[in-house]
Amino acid sequence: MSLPVFRHPDLRGAQPGQPVGIDGAEGRHAVTVKRIAPGEQVQFADSAGRTATVSVTEVRGKDVLVGTVEEVAHEELPRPQVVVVQAIPKSERAELAVDLATQAGADEIIAWQAQRCVAKWDAKKAPKALAKWQAAAQAAAKQARRARVPEVSGPLTTAQLAQELQCRCDEGAVVYVLHEEATQGIKDVDLDADVVVLVVGPEGGIGSDELAALPGQAVKLGPQVVRTAAAAMVALAAIGVRTTRW
């Protein structure tokens with residue numbers, strides 16, 4: 001069974017034999033919730049791909065865990081890196097979409113305020129909503145034992161997204177817009193790129209004018225229509241088995 005993972009702010013200086021610890025919310029989760037005790041082993045990860053296997057030597061109070069570094073490692077970025085552009089789903093499905101995409105290995109997630117989104121992030125609501133997405137990514141990465149946590153940003157309007165996607169294309173990324181009416185499936189598209197961008201539409205689908213405005217190729221996942229919260233996860237799985245990501 002894999003070791004429990006806890007987030008450490010920065011493991012750049014970690015070396016075998018050195019002491020290391022966590023406190024605050026992460027320490028409380030380890031000590032009070034998970035009841036990690038001296039003699040056990042855990043893994044620290046700093047969200048940037050660095051990990052440390054740690055033998056616990058001491059717990060203090062309710063939120064401090066200290067141990068000795070046994071082994072350090074650095075997880076390289078996969079090829080291709082996968083960026084998920086997620087049209088904002090309504091209610092609880094928004095955080096579910098982030099959770100599932102993170103579990104499936106998304107390297108970056110961008111919130112998109114598509115025209116047909118039921119949920120609307122205005123200037124007042126956006127910071128709080130984005131913080132929830134970031135927290136969902138952190139929690140899902142920990143649950144999935146991921147060394148990296150995907151960067152979460154946005155929201156972008158369709159015009160802003162079109163500009164962002166064009167910049168990424170100019171840098172060599174390939175963009176695939178998931179669309180039920182596409183004729184080519186994801187199993188057949190070219191994935192030989194350093195970065196693949198997946199665009200996931202809202203519950204009502206991507207309108208024809210938006211589809212025309214976005215750089216990239218429309219592709220479908222399969223014979224069934226996949227709900228917006230699960231679409232990125234399904235696409236990431238397909239990409240995983242077709243590339244060296246898995």
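Two strands are said to pair if DSSP finds at least two bridges between them. The views below show a predicted model.

**View 1. Strands E9 and E10 run side by side in the parallel sense.** Strand E9, residues 174-178, is joined to strand E10, residues 195-200, by four bridges. Within this pair, valine 177 has valine 199 of E10 as its bridge partner. Helix H4, which spans residues 158-170, packs on the sheet and touches E9 and E10 as well as E8, strand E6 (81-87) and strand E7 (108-112), while its direction makes about 130 degrees with that of E8.

**View 2. The six-stranded sheet is open, and its pairing is parallel.** Reading across the sheet, the strands come in the order E8-E7-E6-E10-E9-E11. Strand E8 (151-156) and strand E11 (217-219) form the edges, and each of these two pairs on one side only. On average, neighbouring strands of this sheet are turned by 25 degrees against each other, if direction is ignored. Helix H6, made of residues 228-242, lies across E6, E9 and E10, and runs at about 155 degrees to E10.

**View 3. Strand E6 is mostly covered, with six of its seven residues buried.** E6 pairs with E10 in the parallel sense over six bridges, and here valine 85 has valine 199 of E10 as its bridge partner. E6 also pairs with E7, again in the parallel sense, over five bridges, and in this pairing glutamine 86 stands opposite alanine 111 of E7. Between E6 and E7 the chain passes through helix H2, residues 93-103, in a β-α-β crossover that is right-handed.

**View 4. A five-stranded open sheet has mixed pairing.** The strand order in this sheet is E1-E3-E4-E5-E2, and the edge positions belong to strand E1 (5-7) and strand E2 (19-22), each of which pairs on one side only. From one strand to the next, the twist averages 45 degrees. As background to both kinds of pairing, strands of a sheet pair through backbone hydrogen bonds, either parallel or antiparallel.

Definitions and conventions: Residues are numbered from 1 along each chain as its sequence is written. This is a predicted model: local features need pLDDT of at least 70, side-chain atom pairs count only at pLDDT 80 or more; totals for chains, interfaces and linings use all residues. Side-chain values use heavy atoms; hydrogens and water are left out. Axes are lines fitted to C-alpha atoms, for helices over the stretch in contact, and angles run from 0 to 180 degrees between N-to-C directions. Contact means heavy atoms within 4.5 Å. Buried means under 20% relative accessible area, exposed over 50%, partly exposed in between (1.4 Å probe, protein chains only). A crossover is right-handed if, with the strands pointing away from the viewer, the path from the first strand over the helix to the second runs clockwise.
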